[in-house]
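Subject: Structure handover and findings

Dear colleague,

Please find below the structure that I am handing over to you. I would be grateful if you could look through it before reading the notes that accompany it.

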Amino acid sequence: MTTIFFILFISFLAIAGVIIRPFKIPEYVWACTGASFLLLFGLISFSSGIAAVAKGTDVYFFLLGMMLLAEAARIEGLFDWLAAHATKLAQGSAIKLFFLIYLVGTIVTIFLSNDATAVVLTPDVIAAMNTSQVKNPMPYLFICVFIANAASFVLPISNPANLVIYVERLPSLIEWLSHFIIPSLVSIIVTFIILFFLQRKQLRQSISINIAIPSLSKGGITAMVGIVLSATILISCSAMGIALGLPTFLAGLVTMIIIYFGTGRNPVEIVKGLTWQVIPLVAGLFIIVKALAKTGLMQSAAVLLMHFVQKDIIATTWGSGFLTAFVCNLINNLPAGLTAADIMTVANPPEIVRKAILIGIDLGPNLSPTGSLASILWLLALRRENLNVNGWEFLKLGIFVMLVPLIFTIASLYV
């Protein structure tokens, strides 16, 4: 009993530190400190800790590949070039620019994943805001984080959490689309309507129409090809049931090497610009989840889930979706997804309950700025440009941007 108490206590403090970030101490420090205490106090064995870290190998490779592509694209001016074209196309309309960024964010999330939207699109939007001389860039930057979660279950590759939830048997692409195409469309459309309504006053601003289109360097073209290649690889690997991490990493690595030989750009310059702290953050969270599994809470939750399914499947579907959505914001959707997968392995709930849980895992993080890994990556991208988002400011938007689409999306499961 004492062991369980200390596991829960240390895990709670670590996750609270990740979410609240007191004293502005980085998220990864809290996650790694919590994981270290769990190991040092013998609450989880070192062999179990190593196994937990190793479980995230595919995620690490995926993130490194995406960050390599994004950093190469930023350094070679691809984002500035794309931003100039986007703002030119908006023709001085702040609303049209809002719609264009939302559309691009949807496409990037679907074909490159929600983490890629945070890593790749956010710098692009920041560049667009600088190019168009927008006074208040936040309505456009909020798009990057909200669409990253709202469109993250169109395809299995749209969110790594999807692969975790269906770890036992990933549906074929056709089967997946038959399950999630309608809920995804509902999520994307309703999220747009709510976000646009809440930001309509901030969109009453002018944007520059005198946009100079910069020339795109050879390195920029290479980076663009690398991103397109990554999208193709991800879809192909998903269709063949191949893990996504290593192919994505290799695509980023090859892109960096080609840029080096084509332009003479020092690879160290690209590597130094990566957001390395996200790797220990994920590793620490994996260890914490492994420790929580020892408390027996997951087994108890599985028993409760089976009981409620037998009693009222409709109420269980709604309750599971909403509970999962809110839990994501308490412990981040990465550990929440791993926990939910373990629970469903034991409970084996009906497909509609599994779908509601996945929607909660994917869409729920729109409530808070640390609800998902994509949201944390978005925050890190903003801080890099000296932009900060107040947690309360995000929550005031998130309560509506998450809750309303969640209601409509779960309801669409019955269509």
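This is a predicted model: local features need pLDDT of at least 70, side-chain atom pairs count only at pLDDT 80 or more; totals for chains, interfaces and linings use all residues.

**The nonpolar core**

The largest nonpolar core comprises 139 residues. Within this core, the residues with the most contacts are Leu63, Tyr140, Phe142, Val282 and Trp378. Helix H4, which spans residues 57-75, gives the most to this core, with 13 residues. As for Tyr140, residues up to four places away in sequence are not counted here; beyond them, Tyr140 touches Ala94, Leu97, Phe98, Ile101, Val125, Met129, Val134, Leu203 and Gln205.

**Helices H4 and H7**

The axis of H4 comes within 9 Å of the axis of helix H7 (residues 114-131), and the two cross at roughly 30°. Because angles under 35 degrees count as roughly parallel, H4 is described as roughly parallel to H7. The crossing in which H4 passes H7 is right-handed. On the H4 side, the contact is made by Phe62, Leu63, Met66, Met67 and Ala70, and on the H7 side by Asp115, Ala116, Val119 and Val120. Sorted by class, this contact of H4 with H7 has eight nonpolar residues, one charged residue and no polar ones.

**Ile352 in helix H18**

Ile352 belongs to helix H18, which covers residues 351-363. Ile352 and Leu413 are 61 residues apart in sequence, yet their C-alpha atoms are 7.3 Å apart in space. Not counting residues up to four places away in sequence, Ile352 touches Ile313, Thr317, Leu413 and Tyr414.

Asn332 lies in the loop between helix H16 (313-331) and helix H17 (333-347). With a relative accessible area of 3%, Asn332 is buried, because buried means under 20%. Leaving aside neighbours within four places in sequence, Asn332 is in contact with Leu285, Val327, Thr370, Gly371, Ser372, Leu373 and Ile376.

Gln91 is found in the loop between helix H5 (78-90) and helix H6 (94-112). Gln91 is not a glycine, although its phi is positive, at about 55°. Its relative accessibility of 60% means that Gln91 counts as exposed.

Asn348 is located in the loop between H17 and H18. The phi of Asn348 is near 45°, a positive value in a residue other than glycine. Asn348 is exposed, with a relative accessible area of 55%.

Yours sincerely

How values were computed. Residues are numbered from 1 along each chain as its sequence is written. Side-chain values use heavy atoms; hydrogens and water are left out. A nonpolar core is a set of buried Ala, Val, Leu, Ile, Met, Phe, Trp, Tyr and Cys residues joined through side-chain atoms within 4.5 Å. Buried means under 20% relative accessible area, exposed over 50%, partly exposed in between (1.4 Å probe, protein chains only). Helices (H or I, at least four residues) and strands (E, at least two) are DSSP runs, numbered from the N terminus. Contact means heavy atoms within 4.5 Å. Axes are lines fitted to C-alpha atoms, for helices over the stretch in contact, and angles run from 0 to 180 degrees between N-to-C directions. Angles under 35 degrees count as roughly parallel, over 145 as roughly antiparallel, 65 to 115 as roughly perpendicular and the rest as oblique. A crossing is left-handed if the near helix is turned anticlockwise from the far one by less than a right angle, and right-handed if clockwise. Ala, Val, Leu, Ile, Met, Phe, Trp, Tyr, Cys and Pro count as nonpolar, Asp, Glu, Lys and Arg as charged, and the others, Gly among them, as polar.
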